[in-house]
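Please load the model in your viewer and keep the selection tool handy.

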Amino acid sequence: MLRVAVIAFVAACSGSPGGPAQLTKIDQPTTETLEHDPVESADILNREPVANTAQIKHILIGWNQSGNDGRTDPRAQKRTQKDAQDLIRAVMEQIKQGADFDALMKKYSEDPGSASSARAYTVSPEAQLVIEFKQLGLRLKMNEVGVVKSEYGYHIMKRVE
């Protein structure tokens with residue numbers, strides 16, 4: 001188990017199509033003991049942020065118990081969390097072998113806001129995104145790829161600016 005600083009928050013859906021859901025309030029930081037998911041990039045999440053703003057492309061992969069906002073992709077509804085983890089590992093292996101990230105986004109991502117367009121999201125402390133997305137996004141170095149889990153699924157994230 002790893003000790004990490006966690007920012008307590010109250011999350012709400014944005015109502016806008018696509019993209020990770022919005023963060024509406026950040027309370028006082030608290031410290032809790034958390035166990036990282038086996039496919040998460042714990043090494044990246046444990047470092048200090050390296051940017052105040054970043055452009056992030058991501059591949060969202062959900063499973064049948066994630067994505068409670070009514071926009072769950074039909075592929076995710078047929079997948080267990082273990083199946084999602086296996087798919088994350090397979091996609092990460094393709095990335096390590098030099099596969100084009102945009103092509104992988106279009107093939108695998110279940111984010112209705114960026115899957116077909118391969119667009120990037122602007123990540124900053126004030127961005128209306130789920131906290132996990134912001135935490136990893138601001139810790140990624142240029143062209144680095146990492147994985148984080150949120151209530152919507154796993155996000156394979158790449159910093160492009």
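Start by selecting Phe 101, Leu 104, Met 105 and Tyr 108: these are the buried residues of helix H4 (buried means under 20% relative accessible area, exposed over 50%, and partly exposed in between, with a 1.4 Å probe and protein chains only). Look down the axis of H4, and the buried residues fall within an arc of 105 degrees, so they line one face of the helix; the arc is that of the directions from the helix axis to the C-beta atoms. The general rule is that an α-helix has 3.6 residues a turn, so residues three or four places apart point the same way.

A word on the model: it is predicted, so local features need pLDDT of at least 70 and side-chain atom pairs count only at pLDDT 80 or more, while totals for chains, interfaces and linings use all residues. Residues are numbered from 1 along each chain as its sequence is written, and side-chain values use heavy atoms, leaving out hydrogens and water.

Which exposed residues does the face turned away from its buried side carry? They are Lys 106 and Lys 107.

Next, show what the buried residues of H4 pack against: E3, helix H2 (74-77), H3, E5 and E6. Helices (H or I, at least four residues) and strands (E, at least two) are DSSP runs, numbered from the N terminus.

Colour the sheet. Four strands form an open sheet in the order E4-E3-E6-E5, with antiparallel pairing; two strands pair if DSSP finds at least two bridges between them. At the edges, each pairing on one side only, are strand E4 (121-123) and strand E5 (145-150). From one strand to the next, the twist averages 40 degrees.

Zoom in on strand E3 (residues 54-61) and strand E6 (residues 153-159), an antiparallel pair with six bridges. Select Lys 57 and you will find Lys 158 of E6 opposite.

Then bring the helices back. H4 (residues 101-108) packs on the sheet, touching E3, E5 and E6, and its direction makes about 40 degrees with that of E3. Axes are lines fitted to C-alpha atoms, for helices over the stretch in contact (heavy atoms within 4.5 Å), and angles run from 0 to 180 degrees between N-to-C directions. Helix H3 (residues 81-96) lies across E3, E5 and E6, running at about 15 degrees to E6.

Finally, zoom out. The protein has five helices and six strands, and buried residues make up 47% of its 161 residues.
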